[in-house]
Amino acid sequence: MDSFLIRGGSRLKGKIEISGSKNSALPILAACLMGEGKTTLHSVPRLSDIDSMIKLIGELGCHVYRHDAPSAVSGDAPALNGPLDIEVTDKKQCEARYDIVKTMRASICVLGPLLAARGKAIVSIPGGCAIGDRPVDLHVRGLQKLGAEFRTENGNIVGEVKGRLKGCRMYLGGAQGPTVLGTINVMCAAALAEGETVLVGAACEPEVVDCAELLIKMGAKIKGHGTPEIRIEGVEKLSGTQHRIIPDRIECGTFMIAAAITNGELELKQCNADHLIAVSDRLDEVGVKMERENGTMYTSSVRRLNTVEMTTQPYPGFPTDLQAQLMALLCLGDGISVITERIFPDRFLHVGELNRMGARIRKEGPTAIIQGVKELHGAPVMASDLRASAALVLAALVAKGTTRIDRVYHIDRGYEKIEQKLRAVGADIERVKEK
Ligand code: EPZ
């Protein structure tokens, strides 16, 4: 397993190109299972989770081809990826195998498309993960309301449809609010169902909107995506199309915090600042300077960081996927900050590792109290989940001395070429390959 060696102290300065969104590309790749003919996707990031989803839809009868990358946008930044062609060539397969699902919970995204397009789906029940339980009861309940029948068999969810799914009006929310992938799963299935489906309590995340836009280009009839009420008029078939994945708002937010924590100045290109309003609101309160111009976000900060309170919420609130990264920044705040995690209450594995670097964070249930310190110190730390690992990278960039972060495969799941992107703006970071 690879590690990162990071020597803290460099102020980051320069340009970073934001990659396409992992959390949009994953469900969109699954939705391509419903298309007749070829779909070409642009701005699909090259990540291990994307490779897993490509392998999964490959086993489900899709031919996937990645074109060569175009030249890099600017300077010595790494070249990002070429377009991805997906074509369904065999509709007999309906099983998402455990050894793929266990590595990537987003495999659950194939459930709705398979039921709608093939009438059957066998998906291993996704286990828990480092950020807590990951139930799929809302996915199943929504698909049941469209007429699918489910049973569990040897750790698998087995879903079947007699005839065609039928649209209806349903409530899709859960105890912790809307479900992003659950909304997308049911929206995909409803696109090929008979009649109208109304999803009340739908998730409003940009990734839901992006998948709806893809489905509409394929011939689906969808309105209200991006609001808590989505209306879908079922159609007979969906055709291949071309689509560009939206920028990764979580990667962008992570690099905005990298500029702030290193007292640097970053020009983040190909980003969508509208997707980061709540994040900009909190960073503004911290004292981070941000300017947006078309698709670029200029972010810088002066050393003094104010304290803030933040509670994670469904979109457009502050995203849970940037909670750990904001916590890393607030470790150097000028006083006491408070973070409350409402989406995944156990999502605090980064607290122990940040404290090993000299932070002073105390957990009280779903809340973390962060007492700002003058400086962090390099230390050997362990990555535990994707976003906690990003928080450790941010802390290491500003810590005195050297930090070794083990198990960086967690980072490779969601941050494309992160060490190249950071090195190109002055970070002292290297990947140490496992012997
Ligand atoms: C998506 O996961 C993202 N993953 C997560 O990002 C993100 O943290 C999450 O949305 C919330 O924004 C992808 O898009 C691949 P949810 P998802 O269903 O859809 C509960 C990352 O780091 N719930 O919106 O699986 C659930 O336990 C990842 O990139 C149920 O109770 O999350 C949670 O408390 C981590 N029953 C809340 O809803 C269900 O059937 C929101 O989860 C489904 C969810």
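Okay, some housekeeping. The model is predicted, so I follow its confidence score: local features need pLDDT of at least 70, side-chain atom pairs count only at pLDDT 80 or more, and totals for chains, interfaces and linings use all residues. Residues are numbered from 1 along each chain as its sequence is written, and side-chain values use heavy atoms, with hydrogens and water left out.

Now, the layout. Domain 1 covers 2-18 plus 247-433, and domain 2 covers 22-244; those bounds come from an automatic or database domain assignment. Their C-alpha centres are 29 Å apart.

So where do they touch? Counting contact as heavy atoms within 4.5 Å, 31 residues of domain 1 meet 28 residues of domain 2. About 2,400 Å² is buried between them, and carbon and sulfur atoms give 56% of that. Buried area here is the accessible area (1.4 Å probe) that two parts lose on being put together, summed over both. On the domain 1 side, Glu17, Arg413 and Glu416 supply 27% of what that domain buries against domain 2, more than any other three residues.

How many salt bridges does the rule find across the interface? Two, where a salt bridge is a side-chain nitrogen of Lys or Arg within 4 Å of a carboxyl oxygen of Asp or Glu. Here's a salt bridge to look up in the model: the side chains of Glu207 and Arg249, at 2.8 Å, N to O.
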